[in-house]
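Please read them alongside the coordinates.

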Amino acid sequence: MAEIAETADTPVREVAILCSGVALGVYLPGLEIARRLRSHGVRGRVFVLEAFQPADVEDALIRARERHQRDFRALRMSQQLVRDISPTLDAAALAALAARLDAAGTTHLLALSGFWLPWAAAYARERAHCTLEALHIDSVPSPSWLPYAQRPEFAQAEHRYFIDRAAPRAACRLEIGEAAPVAHAQRPPELLLHGGGWSVGTFASAVDDVLAAGYRASIVRGSAADLQPREGVRNLLLDPQWRAWRDTGPEQLGEFPRLGFADADGELRYRQSDAVPDLFEITRASLAVVSKPGGSTLIDSMAAATPVLFLAPSGKHEQANAEAWIALGYGAWLEQWREDGAQREALERMHARLLRDRAQVPEYCRQLAAELDAR
């Protein structure tokens with residue numbers, strides 16, 4: 001992607017996008033925002049939290065992911081025990097980051113993970129020209145924000161939510177790529193099943209329900225060992241060796257993870273798009289997504305006008321997401337949809353509501369660029 005040219009008449013506005021690569025729920029929206037902002041003349045740069053943590057954190061994260069894949073209850077429990085991790089961050093690396101942002105003339109910090117809040121609040125507080133925004137992917141603060149909810153830093157940030165739970169309504173949306181949503185009639189009878197960036201939850205056991213209802217399934221497996229061929233099932237796998245904090249890509253735009261497509265014999269063929277996540281293209285072509293109610297899944301749902309059939313949530317924030325989406329007519333609990341006959345017509349009604357309403361929902365990057373222009 002070409003660098004944005006700066007002139008005396010059109011100075012480049014710099015936005016630092018502070019996300020986390022532990023799971024893809026805040027990482028992918030951060031990357032998508034960086035790309036979209038550049039189409040509005042704003043230079044967004046992505047910084048991944050884990051790159052500022054000790055090297056042994058990687059092993060701990062991988063062990064946690066494997067444990068949570070085996071036991072979904074362990075994930076639910078761990079989210080209730082989240083603590084402030086700022087003491088573990090590399091002070092020298094953060095000082096270098098501050099110097100880099102100063103040199104670039106950064107005017108806006110966009111934090112998608114609450115773990116960035118103490119450092120980001122201190123940085124913005126010392127620079128009158130810099131604003132701090134807390135962008136919430138979920139309809140209520142997710143676990144990474146909870147350790148700071150009663151601290152002054154939380155009040156210092158400007159908070160924005162993609163979902164206004166009180167209304168309920170989609171308060172803003174994110175445009176992903178350039179293609180318009182696929183018409184419902186042009187979509188094959190196929191559902192996409194996944195468990196978010198860590199492939200956790202009860203999605204694997206939902207395959208039988210999807211097949212029994214007469215649909216095909218694309219499913220993102222948790223590991224290569226799960227790639228068992230099955231009639232009517234397309235097996236996918238996010239590259240288990242890919243790490244967001246190792247590869248932030250050119251100009252800190254970030255790289256989308258590689259997605260593997262399994263052949264009939266289980267051989268994987270990987271793809272890695274630079275424009276949009278490869279999994280989003282499958283979301284665009286699917287009748288529905290079957291997943292736990294992660295905020296990033298709902299962002300994709302709105303962008304693709306693809307409804308979501310919800311599985312058990314990992315915590316209160318995901319429960320709130322599902323309740324809001326269902327109230328808006330954009331999704332349903334998988335069990336309820338199945339009990340109601342697993343009808344394609346029901347999915348078509350949800351698609352139609354998403355398609356109708358998304359035209360009225362402000363696009364986040366366009367809105368942010370206009371706000372930065374006005375300052």
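Predicted model: local features only at pLDDT ≥ 70, side-chain atom pairs only at ≥ 80, totals over all residues.

1. Residues are numbered from 1 along each chain as its sequence is written, and side-chain values use heavy atoms, with hydrogens and water left out.

2. Strand 1, residues 13-19, has 7 of its 7 residues buried, where buried stands for under 20% relative accessible area, with a 1.4 Å probe and protein chains only. Strands here are DSSP runs of E with at least two residues, and helices are runs of H or I with at least four, both numbered from the N terminus. The cover extends to both faces of strand 1, with Arg13, Val15, Ile17 and Cys19 buried on one side and Glu14, Ala16 and Leu18 buried on the other.

3. Strand 1 pairs in the parallel sense with strand 2, residues 42-48, over 7 bridges, pairing being called when DSSP finds at least two bridges between two strands. Within this pairing, Ile17 stands opposite Val46 of strand 2. Strand 1 also pairs in the parallel sense with strand 3, residues 106-111, over 5 bridges, and there Leu18 has Ala111 as its bridge partner.

4. Strand 1, helix 1 (residues 24-38) and strand 2 form a β-α-β unit that is right-handed, which is to say that, with the strands pointing away from the viewer, the path from the first strand over the helix to the second runs clockwise.

5. With a disulfide taken as a pair of cysteine sulfur atoms within 2.5 Å, the count comes to 0 disulfides. For Cys172, the nearest cysteine sulfur is that of Cys365, 9.3 Å away, a separation too far for a bond. Cys172 counts as buried at 4% relative accessibility, and Cys365 counts as buried at 0%.

6. Helix 8 (residues 278-285) and helix 9 (residues 295-304) pack at an angle of about 55°, with their axes 9 Å apart, the axes being lines fitted to C-alpha atoms over the stretch in contact and the angles running from 0 to 180 degrees between N-to-C directions. Helix 8 is therefore oblique to helix 9, since angles under 35 degrees count as roughly parallel, over 145 as roughly antiparallel, 65 to 115 as roughly perpendicular and the rest as oblique.

7. Helix 9 is largely enclosed by the rest of the structure, because 10 of its 10 residues are buried; among them are Leu298, Ile299, Asp300 and Met302. Ala305, which follows helix 9, has a positive phi near 55°.

Notes
Buried < 20%, exposed > 50% of the residue type's maximum accessible area, 1.4 Å probe, protein only.
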